[in-house]
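Hi,

Here's the structure I promised to pass on. Have a look at it first, and my notes on its pockets and ligand follow below.

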Amino acid sequence: MLIDNLLASIVNITTFYTISFPERYPLWADYASNMAYLFFYNFMGVLFLLYVDSKTKIGSIKKTMFLIGSTIFIYDTVMILLSPFTKLIFYFDETGYHHGPMMLSLYVTAFICVAIAITIFFAKRKMFNHYQVLSIVFFAFGVFLAIMFQIGHRRHVISNFVITMILFFIHTAFENQAYYLYADTLCYNRRAFIKTVDQFRFRKEDYLMAIIRIDDFENIKHSLGRMGVDDLSERIAERICREFGKSAYYVDLNCFAVIKVTANTHQLRKQIKECFESTFNLEVGDDEIVLDLEPVITFINVHGENVEGYEMTTIIQNAATHYSESDISIQESDELIKPIRREKEVLRLIDNAIKNDGFMVFYQPILDIHTRTFTCSEALIRLKDDRLGFVGPEEFIPIAEKNGRIHDIGDYVFRTVCRFIKEQDVLSKGVKYIEINLSPEQCNRVELANQLVSVATEFGVDFRQINLEITETAEMKSYGMDSVNELIHNLHSKGVTFSLDDFGSGFAAIDYLIKLPVDIVKIDKGILWQAMNDEASMKILKNTIRMIKEVGKKIVVEGIETQEMAKILIENGCDYLQGYLFSKPLPPEQYIEFISGKWEEVMISY
Ligand code: C2E
Ligand code: CA
Ligand code: CA
């Protein structure tokens, strides 16, 4: 667009000469320069349309936009080229230059282009930042005002100048280099890295990548503090960038990369080492710290593998930790790509299942020691794919959590369980409540409580028939426990009970026990299994049970696989037992069969 506008400006000047001094130039020169001017000027609208289309990336309209753009381009071009004969757009006679009757149509086509472009841009404006939106609006208004002014003041030719200014504005808004640079350095950032890898992939080109990390970074981070680390990173980026220029990238904290199409690893390694030869002198507070850093270099050869930029950021993270100081090749090195591909595939599966009702909820009976009956159960989600087979929740739940799909899944499970409780009237079959797992991400949503209440109400389920399991995790700690506390208080008042799941598997167990007003604590199966192996762990388990009882909570232990386990736990006063010894999680029909009486056979004798 800039080039086109520049050409338009240049021929605009020549048209003034030919129009002002018609006697000096032959008629064909008059026509040629005016035709060229109109051509470049009108081409601008079409270019703008295609540009905005390429930025908004709405796949479904791409063809239509191209069709509209080319139709207008052909119309404009033909009208302009034929003008010397048809005199429709403009013509010369004895009195000089004149607009033809169809001149207005060129304005109309340009207007159509700009109007469509603005419309599709606004349909996708959420993709763009404030500055970019502003610059597009500015373009439309600026061009409009410039043309209006031009029509009124023919002698003051400013429209090309105005458009140039605005184009420059758009250029800085959209193609801003700073967007791809790390802080105040000239080093490319993570965004640029992703884009570069994507470009290689698009061109099917092989390349060599060196990943650079600092040895013992955790310790350095600790002693420098946050600001010091930022400072250090900038210095490293600067040095690598000075050596490798546009091939250097600051990808992540303690992760730099150099990408080359052809390079000798030996030579590259030497060059990288040279960047770290002299010490780094930093000022942290009042102290000056001198750091002698040792780079850890890993080479990745990418040939023929179709790796996306975003995937690559994960790959280099894993590669750097597992293969430091080695040369690996992406084509051979399956274990680098496999988990990423698998995650993508599972995510696709999750999305499919959300759309096509592809999940199932199973129920695992839980034994009540006091009544010796299965008065409750845990709802556990299942996902089956025709091609990938059975995918366990241990695998897909974390992926769903990471990618924001857990809310849909949680909603599905809750609805399914409520429907099940109501339709099967499980209370009449002796099942007092069903436990439902909540992810920490779900607990953090303020609208969760209302959502759960409205679903339970919709199905007419008594709130006392629902128990929610929350898990202690590092994330919950960082969200703050306030939102969880609020959720518990909110739903407690309705009659919903709560369990603290996987107790003992995390690091904050006691903290949660103190701060969260749960009704039940579920001891993690890992703790039980460990206790069966060594005496010290058994003592810890027994004392944990005692402690929980003393603070007045009920105890469930999961993972009961043998009679021996059951015996020990009953002797120590647990309230509920859950495990394969009694039953695996069952599909709804089988679970109903189970609680309707068949379970006596599997009951233990003690
Ligand atoms: P969890 O909440 O700790 O669930 C108990 C897991 O232990 C279940 O695995 C269950 O099948 C298994 N289990 C129970 N007794 C035994 C036993 O005696 N031996 C052995 N080896 N395993 C036993 P599952 O169904 O594979 O679920 C795994 C995890 O996935 C769950 O761990 C839970 O964290 C998550 N999950 C399952 N369903 C849901 C759900 O609907 N929502 C959420 N957010 N997470 C879920
Ligand atoms: Ca659970
Ligand atoms: Ca558990």
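The lining of the largest pocket has 28 nonpolar, 9 polar and 2 charged residues (Ala, Val, Leu, Ile, Met, Phe, Trp, Tyr, Cys and Pro count as nonpolar, Asp, Glu, Lys and Arg as charged, the others, Gly among them, as polar). A pocket here is an open set of points on a 1 Å grid over the protein atoms alone, where a 1.4 Å probe fits, with protein on both sides within 12 Å along at least five of seven lines; lining residues have an atom within 4 Å of a point. Nearest the centre of this one lie Tyr41, Tyr107, Ile147, Gln150 and Ile151.

Keep in mind that this is a predicted model: local features need pLDDT of at least 70 and side-chain atom pairs pLDDT 80 or more, while totals for chains, interfaces and linings use all residues. Residues are numbered from 1 along each chain as its sequence is written, chains are lettered from A and ligands numbered from 1 in the order written, and side-chain values use heavy atoms, without hydrogens and water.

The second largest pocket has a lining of 16 nonpolar, 10 polar and 10 charged residues. Ligand 1 sits there, meaning more than half of its atoms lie within 2 Å of the pocket's grid points. A polar side-chain atom of Glu561 is 2.5 Å from a nitrogen atom of ligand 1, and one of Glu378 is 3.2 Å from an oxygen atom of the ligand. Glu378 is also among the residues nearest the centre of that pocket.

Cheers

Key
A polar contact is a pair of N or O atoms within 3.5 Å; within protein, one must be able to donate a hydrogen and the other to accept it, and residues adjacent in sequence count only if both atoms are side-chain atoms.
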